[in-house]
Amino acid sequence: MIEQLKDIQLSDKNQQQSLQNAINIGIPTMKQEEWKYTYYNKILQKGFIPAIEIKEISTVEQEFIDANSISKNRIVFINGIFHQELSTLTVQPKINFWNSNNITESNTKDFLLELNNALASDGFFIEIEDNFISEELIEILYINQNFQQIINLKNKIKVGKNSQVKIAEYYLNDDSTPAYNNIVTQIEVAENAHVEWYKIQDGGALLNITDNTFVKQATKSICNITTISLTGGITRNILQFDVNGERAESHMNGLYLLNNEEHVDNRTLVNHNVANCESFELYKGILGGKSTGVFNGKIVVAQAAQKTNAFQSNRNLLLSNDATIYTKPQLEIFADDVKCSHGATSSQIEDSELFYLQARGIGKETARGLLVFAYGAEVLEKVKNNILREKLQLKIAELLKIEI
């Protein structure tokens with residue numbers, strides 16, 4: 001792939017510099033600590049090449065979009081290109097769209113960020129004005145269809161003071177063709193603003209995702225990000241919070257339901273830079289087949305961040321002897337007046353739990369599915385949108401082959 005990148009010539013000098021940065025950094029390998037348990041080359045071995053210029057091959061049927069959407073407020077991307085005719089917005093935030101000429105976070109020393117800087121095909125810029133409050137869900141649909149190239153999308157959202165917004169992202173694959181999305185999103189949450197953000201990753205075994213999301217919070221803001229990984233090939237989620245205003249709250253929730261040979265790598269970083277803030281983190285994994293889960297969570301409390309409350313938990317349920325979990329919670333505390341805790345657990349379903357349900361006339365497989373469903377319910381309860389939560393519950397019940 002590096003040789004292919006060397007042959008690319010871009011007209012924008014900033015993009016060309018980012019491309020050169022990516023070449024100099026090189027493709028991530030398992031020799032690097034950050035990639036120790038995720039083999040990135042396994043994605044590239046499927047034949048993905050960087051998409052320099054994306055040309056439409058086909059369009060997605062409206063029925064497919066309706067089946068995967070619950071809101072009238074939609075922003076639709078197909079194969080890395082925004083489709084206005086399929087997008088609808090009934091709320092009034094200012095919406096702008098940018099293309100690959102936008103360069104941010106340059107010289108990051110991260111191959112995927114620099115690749116995104118250089119080759120981003122499209123993205124969205126949502127600017128929410130001050131004092132804007134809406135209960136309506138804004139949906140972002142990333143749909144892949146018969147397109148075996150690396151799709152790079154760059155997004156940014158600014159939420160004004162005292163505003164409230166709810167956004168859901170869906171990662172979808174419309175057919176049986178391998179697909180790969182490399183997405184970078186920046187979220188700026190102003191003073192006293194409230195953001196709920198849901199990432200729903202359910203594109204089937206042939207969809208691969210590398211997602212980088214960066215959040216900056218101001219005073220008294222609240223940001224809640226919930227990541228639900230249901231089906232996929234290799235998925236790597238990077239979530240970073242920079243807490244820059246006092247009395248801010250940060251919430252990170254995740255549920256990954258893996259089977260077969262699926263691989264999900266969740267990495268979180270919370271930088272508590274000021275005093276009197278709180279962060280709460282709960283990630284739960286359900287792993288069957290020959291699947292692999294990776295969790296690396298890090299909380300950094302700066303010396304100025306006195307009176308910080310930070311809690312982190314990663315819990316995993318292993319459903320087979322061939323499933324693997326690598327988990328590493330971390331704390332770096334430079335302040336002396338804080339409340340911080342972290343922990344990780346891995347376990348299997350207890351025979352006594354199965355026996356309890358079987359003794360009441362429930363078949364073994366159904367009992368097993370019900371126990372697993374109940375295990376993941378704690379994270380699903382973090383989804384405040386009732387329709388979305390019910391949709392996710394039905395999907396998980398379907399994967400577990402139970403009725404609810």
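**Cysteines, a helix and a serine**

Guide: Cys340 has 22% relative accessibility and therefore counts as partly exposed. Buried means under 20% relative accessible area and exposed over 50%, with partly exposed in between (1.4 Å probe, protein chains only). The model is predicted, so local features need pLDDT of at least 70 and side-chain atom pairs pLDDT 80 or more, while totals for chains, interfaces and linings use all residues. Residues are numbered from 1 along each chain as its sequence is written, and side-chain values use heavy atoms, leaving out hydrogens and water.

Visitor: And Cys277, buried or exposed?

Guide: Cys277 is buried, at a relative accessible area of 0%.

Visitor: How many disulfides are there in the whole structure?

Guide: The search finds zero; the criterion is a pair of cysteine sulfur atoms within 2.5 Å.

Visitor: Changing topic: how many residues of α5 are buried?

Guide: Nine of the nine residues in helix α5 (residues 111-119) are buried, so the helix is largely enclosed by the rest of the structure. Helices (H or I, at least four residues) and strands (E, at least two) are DSSP runs, numbered from the N terminus.

Visitor: What do those buried residues pack against?

Guide: Their partners include α1 (2-6), α2 (13-25), β7 (149-159) and β11 (207-217). Contact here means heavy atoms within 4.5 Å.

Visitor: How do the axes of α2 and α5 cross?

Guide: They come within 8 Å and cross at roughly 155°. That makes α2 roughly antiparallel to α5, a term for angles over 145 degrees. Axes are lines fitted to C-alpha atoms, for helices over the stretch in contact, with angles from 0 to 180 degrees between N-to-C directions.

Visitor: Which residues meet there?

Guide: Among them are Gln15, Leu19 and Ile25 in α2, and Phe111, Leu115 and Ala118 in α5.

Visitor: What is at the start of α5?

Guide: A side-chain oxygen of Asp110 comes within 2.9 Å of the backbone nitrogen of Leu112.

Visitor: Lastly, where is Ser87?

Guide: Ser87 sits in the loop between β3 (81-82) and β4 (94-96), and at 16% relative accessibility it counts as buried. A polar atom of the Ser87 side chain lies 2.9 Å from the backbone nitrogen of Val76. Leaving aside neighbours within four places in sequence, Ser87 is in contact with Arg74, Ile75, Val76 and Phe82.

How values were computed: A polar contact is a pair of N or O atoms within 3.5 Å; within protein, one must be able to donate a hydrogen and the other to accept it, and residues adjacent in sequence count only if both atoms are side-chain atoms. Angles under 35 degrees count as roughly parallel, over 145 as roughly antiparallel, 65 to 115 as roughly perpendicular and the rest as oblique.
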